[in-house]
Amino acid sequence: MLGRFGDQNKVTIHLDGKEIEAYDGDSVAAALWGSDVKVFNHSLRFREPRGPACMIGLCNCCDMIVDGIPNVRTCIIPVRNGMKLSVQGKTK
Amino acid sequence: MNEGECQVVICRCEEVTEEEIREAIRKGARTFSEIKKITRAGMGICQGKSCQRLVNRILAEMTGRSVEQLGFDTPRPPLRPIKLAVFKGTD
Amino acid sequence: MIGRIYDMTVVGSGPAGLTAAIESSRLGCKRVAVIDENFVTGGQLFKQIHKFFGSKDHYAGIRGFRIGELLLKEVSDLGVETVTNAAIIGMFDAQADIKRLVTAGADRVGEILSKKVLVASGAMENTVSFPGWTLPGVMGVGAAQTMMNIYRVRPGQRVLVLGAGNVGLIVAYQMLQAGIEVVGVVEAMSRIGGYQVHADKIRRMGVPILLSHTVKEAIGKEYVEKVVVVELDENQKEVPRSEKPFDADALCLAVGLTPNTELTRLAGCKHIFNRELGGLVPLHSERMETTIDGIYVAGDVAGIEEASVAIDEGRLAGTSVAEDLGMISSESAAKTSKERWIRLCELRSESFGEPRKRAKISIVEEYWKVKGNQMGSKKRWFTEINTERAPSAKASRNAPSIKSNDNRKGPRAIIECYQEIPCNACETGCNFGAIKVGFPMTNLPDLDLDRCKGCGICVAKCPGLAIFVVDTSYSEKEATVSLPYEMLPVPEVGQEVEVLGKLGGFVCKGKVIRVVHTKDFDETRVVTISVPKECATEARFIRVAKRSGK
């Protein structure tokens, strides 16, 4: 339906030291989910795992630390080569 | 671990549980604003976008009012989180 | 952006916002900007990979994202300024002639001065709270759509959908197209909320629709691994010991949408709660203006409907802005706007649309109650529109009286569309005038068997994939069935296939004898299979066996 895929340039983003391959034009959340990253942050109070829920920047479930800045809604920002991501929040 | 129905969170951001919201209503909270001030539900980073509907449903059930009658709170700027440092450099 | 005063600033670059920007620019507005907090534009439109329903004016038969491409091009050609990655975080001087919008990007705040503001901020998916609902993998169906259709990422490998409204059913089908196993669609009500044709599309592919069921719990350590579904009795209470576990790595919630009214509430516009339209909606006139002069709304923020409505409301708002800025006369604005209202009423008809039509009319009436005598100069043309359909040449049309076992030789169409939904793509698509829908377009299609040549074009044209062509005279023992096919891999002539029935059950073995596709069919292939004659009435889908060795 949507035509060919895979012709875009690839970029490399970093998640807590691990290299992840993404496509130019991906949102950060999509790139991570597509690489089987499911846990984006841990909740403040009960320290539970959270991942994308709305994918349009309204629910904040996909928030991560991006290049040192916390609470970034990864579903509405594009990947950039060399971007550094971190899972936000402490685990149990 | 969360066990039982009332340990389910209603406010996803501040992780206010259903039981805490019901307790606030039992103590006299009658509007979303009041529940917000007591429990912090709706004060989190999404500012009630995810939970206001769910809280209103519990309010309606427990107070016998319809959701129509409950109304919604008034948002204040900023509508999205911004860094304080941003105010130093206006475009 | 400093110092310039915009004629109109549009908040949100979805179908409503884009069409409003286009319309106002075309009518003479010089400085128009569209702002979106996302880095991609188009709102929900680019996720709609299915063909739209409605009439030609409503882009029927065209896939949503293609409409989006057309709109974006027009926006660019007209010189409309598009700003992405910019969230509107506040509005000041809302009541003044020039409004002040505050934008925030990654590191900056900015200010936009604008004479008119259109809030086209769309909607947000609702949630349901059950144990485990915050686990990664529990997401809205719209989120799944974003992942699949914008970014080509699967939300999961085995997915359960909660909610059998149109959104849930359509996205379930799109998941099947993406090669995802849809383990089921669960619906709390005892009937399907969406169109029957959408349900049929997934049923014939074997997806069970569990009515009177709901999700009790989502289980998993770091993400969803299992979903427990439970049956509901007629009082919507859980039936004891009726829990059914499903292995699933994603649970997609299709439980409704709520308009994003933060900005309109912040600005001080009056709102009203309307269940039909999704909750709190801003009051607006027939010209899409809110109770604050110079602030307009269009699209889902003004009531949860569909893309075709958003497009027409955007045009309405754009026309109103142009009129209020003096670019066009009130007479010409009223003329085109009345036509658009009539078209909107056509969309909002019969059992699916009538409640929304009534709701929208009450919103407009409430607006005028609030505004009362303050609006002396603005003409109220709303009362001049006949929002009721003309008494139609409806005749008693129940299920079409086409029998599948009549003795007519040669192929002829069977139209399995039994609900009054606003759509006439079949009538428009038939080159021989064999299908009649007429006015209003919610009429059931009527097939003239004498005119029908069995060419199969309608099979590809029906956005609901509800038309089939059957030829029971193909040979002594066999009949052919032509069906619409939108999956990969594309079937090949000569291939042996498993033929499935309306509920996805195995009917018989068949062979592909023809595959037709033209540019006009836009990826809906018409696949003709030969089957034993007695299976022709049942045959509705095929399972293409994987080639051996792969």
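**Entry 1: chain C against chain A.** I looked up polar contacts in this predicted model and recorded three residue pairs in polar contact between chain C and chain A, both residues of each pair being at pLDDT 80 or more. I then asked which elements of chain C each supply at least two residues to the side that touches chain A. They are α2 (64-77), β7 (123-125), β8 (138-140) and α3 (141-150). Helix α3(C) gives the largest share of that side, four residues. Sorted by class, the side of chain C that touches chain A holds 15 nonpolar, 10 polar and 12 charged residues.

I next looked for salt bridges and noted a count of one between chain C and chain A. A salt bridge joins the side chains of C:E37 and A:R73, at 3.0 Å from N to O.

For the extent of the interface, I found 37 residues of chain C in contact with 30 residues of chain A. About 2,700 Å² is buried between chain C and chain A, with 63% of it on carbon and sulfur atoms. Within chain C, the residues that lose the most area to chain A are C:F39, C:Y151 and C:R152, which together account for 22% of what that side buries.

**Entry 2: chain C against chain B.** I repeated the search with chain B and recorded 31 residues of chain C in contact with 26 residues of chain B. The buried area between chain C and chain B is about 2,700 Å², of which 63% lies on carbon and sulfur atoms. Here C:V109, C:E262 and C:F273 lose the most area on the side of chain C, together 22% of what that side buries.

How many salt bridges did I find between chain C and chain B? The count is five. I checked B:R80, which forms a salt bridge with C:E37, their closest N and O atoms being 2.8 Å apart. I noted that C:E37 also meets A:R73 in a salt bridge.

Across the interface of chain C and chain B I recorded nine residue pairs in polar contact, both at pLDDT 80 or more. Two or more residues of the side of chain C that touches chain B come from each of β4 (87-92), β6 (109-119), β16 (257-259) and α6 (262-267). Strand β4(C) provides the largest share, five residues. By class, I listed 17 nonpolar, eight polar and six charged residues on the side of chain C that touches chain B.

**Entry 3: helix α1 of chain C and its partners.** I then turned to the packing of helices. Helix α1 (residues 15-26) packs against helix α7 (residues 307-324) at an angle of about 35°, and their axes are 7 Å apart. I noted the crossing of α1(C) and α7(C) as right-handed. In α1(C) the residues involved include C:P15, C:A16 and C:T19, and those they meet in α7(C) include C:A310, C:I311 and C:G314. This contact divides into five nonpolar, five polar and two charged residues.

For α1(C) and α2(C), I recorded axes that come within 10 Å and cross at roughly 35°. Is this crossing left-handed or right-handed? I noted it as left-handed. The contact is made by C:P15, C:L18, C:T19, C:I22 and C:R26 of α1(C) with C:L71, C:L72, C:E74 and C:V75 of α2(C). By class, I counted six nonpolar, one polar and two charged residues in the contact of α1(C) with α2(C).

Terms used:
Residues numbered from 1 in each chain as written. Chains lettered and ligands numbered in written order. Predicted model: local features only at pLDDT ≥ 70, side-chain atom pairs only at ≥ 80, totals over all residues. Heavy atoms only, no water. Contact = heavy atoms within 4.5 Å. Buried area = accessible area lost by both parts, 1.4 Å probe. Salt bridge = Lys/Arg side-chain N within 4 Å of Asp/Glu carboxyl O. Polar contact = N/O pair within 3.5 Å; in protein donor to acceptor, adjacent residues only side chain to side chain. Nonpolar A, V, L, I, M, F, W, Y, C, P; charged D, E, K, R; others polar. Axes fitted to C-alpha atoms, helices over the stretch in contact; angles between N-to-C directions. Left-handed = near helix turned anticlockwise from the far one by under 90°.
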